[in-house]
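Here are my notes for you, point by point. Keep the structure open beside them as you read.

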Amino acid sequence: MKKVVFNSMKRRRIVDQCDKENTWRTRDAVLAYGLSMPDTYQEAPFHDPNWQIVRVRGSKRAFLWTYERNGYMNINVKVDPEWRDFWRDAYPSVIPAYHQNKEHWNTVILDGTIPDDVIRRMIAESYDLVTDSPTKRIYEAVKCIPRGCVATYGQVARMAGNAGMSRAVGNALHKNPDQANIPCHRVVNAKGELSGEFAFGGAGAQAKLLAAEGVEVTNGRVDLQVYGIKTIQGM
C-alpha cells in the first residue's frame, strides 16, 4: 500500500502586531488580535459600550467577548472541555465564564498574571472551535489524497478526526462545492468499489477520472492493496 502522512490541521499562525509590554491588559490590543483572524467583525450586542465582541462573518458566531469588571479588562473565550479545567487550574485568573455556559467558556481576567502568548493561544483556540465544522475537515482531508491513490470513506473520516462519520463523508462529497480542488473521485468504499455514478456527472465518470490519474479500475473496483493510502493520524 502507498504511504501518505496526513498532517492534522495546525493552529492558525497570526502575526502579533501588538506591543507586548502591558498591551494585553487593554481592550484595544485584544480586539485587534481577534480582528486579525479571517472573516471577523466587531459588534456591541447589548448597546452597551462596555461589551464589545468579535464575531465570524457568515455564521455570526462570537468567539471573543470583552468587558471591564471589578477594575480589570475581562475576556470570555470558548474552550475545548478537555482543556477547560487545565487553564483554570494553571492560572487563578482563568475562571468559569461570567454570563456564559461554564462548560464551554472561560473568563480570562487580564490582570498581568497570564503570559501574552497564552492569552493569544486561548483566543486563537476559541476562534478555531467556533469556525470548525465536520464538513470543512472532510474536504481538507480529501485534498490530502494524492493523485494516483484512493482512500476509503472510513479513512477520510479518521483523517477528519472522527472515525464514526463515514456516512457524513459520503453526504459531504455528494455536495462537493469545488470538484476542481476537492478530488472526491479518489474516495471509494471499504471494498474499493466506486461511488454512485450520479455524483460524478454520468456513467463511468469516476472510473475515467481515476484512470486519467493512473489508477486501474476493474469491474467497478480499485485494488486497495495497490492504490489505497495508509494514513498516519496526528502527524
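1. Start with helix α6, residues 166-174, in this predicted model. Its buried residues are V169, G170, A172 and L173. Where do they sit around the helix axis? They span an arc of only 165 degrees, so they lie on the same side of α6.

2. Now look at what that side meets. The buried residues of α6 pack against α4 (134-143), α5 (153-159) and β9 (187-188).

3. Step back to the whole protein. There are 8 helices and 12 strands. Of the 235 residues, 44% count as buried. The accessible surface comes to about 12,800 Å². Carbon and sulfur atoms own 49% of that surface.

4. Look at the contacts with a separation of 6 or more. In the protein, 56% of them join residues 24 or more positions apart.

5. Which residues have the most contacts inside the largest nonpolar core? They are F63, L64, I75, V108, I114, M122 and I123. This core has 26 residues. Two or more residues come from each of α1 (27-35), β3 (52-56), β4 (62-69), β5 (72-78) and α3 (116-131). The helix α3 gives the most, with 7 residues.

6. Take I123 as a case to trace. Set aside its neighbours within four places in sequence. I123 is then in contact with W24, V30, Y33, M37, F63, L64, I75 and V77. Two of these partners, F63 and L64, are on the list of residues with the most contacts inside the core.

7. Another core lies apart from the largest one. It has 20 residues, including I138, Y139, L173 and V187.

8. Find H104 next. It is in the loop between β6 (94-96) and β7 (105-109). Is H104 buried, partly exposed or exposed? Its relative accessible area is 34%, so H104 is partly exposed. Leaving aside neighbours within four places in sequence, H104 is in contact with V77, K78, V79 and P81. H104 and D80 are 24 residues apart in sequence. In space they are 6.6 Å apart, C-alpha to C-alpha.

9. Last, the cysteines. How many disulfides does a search of the whole structure find? It finds 0. C184 has 5% relative accessibility, so C184 counts as buried. C144 has a relative accessible area of 32%, so C144 is partly exposed.

Notes:
Residues numbered from 1 in each chain as written. Predicted model: local features only at pLDDT ≥ 70, side-chain atom pairs only at ≥ 80, totals over all residues. Heavy atoms only, no water. Disulfide = S-S within 2.5 Å. Buried < 20%, exposed > 50% of the residue type's maximum accessible area, 1.4 Å probe, protein only. Core = buried A, V, L, I, M, F, W, Y, C linked by side-chain atoms within 4.5 Å. Helix = DSSP H or I, 4+ residues; strand = E, 2+ residues; numbered from the N terminus. Contact = heavy atoms within 4.5 Å. Arc of directions from axis to C-beta. Areas by Shrake-Rupley, 256 points an atom, 1.4 Å probe, with all protein chains shown as cover.
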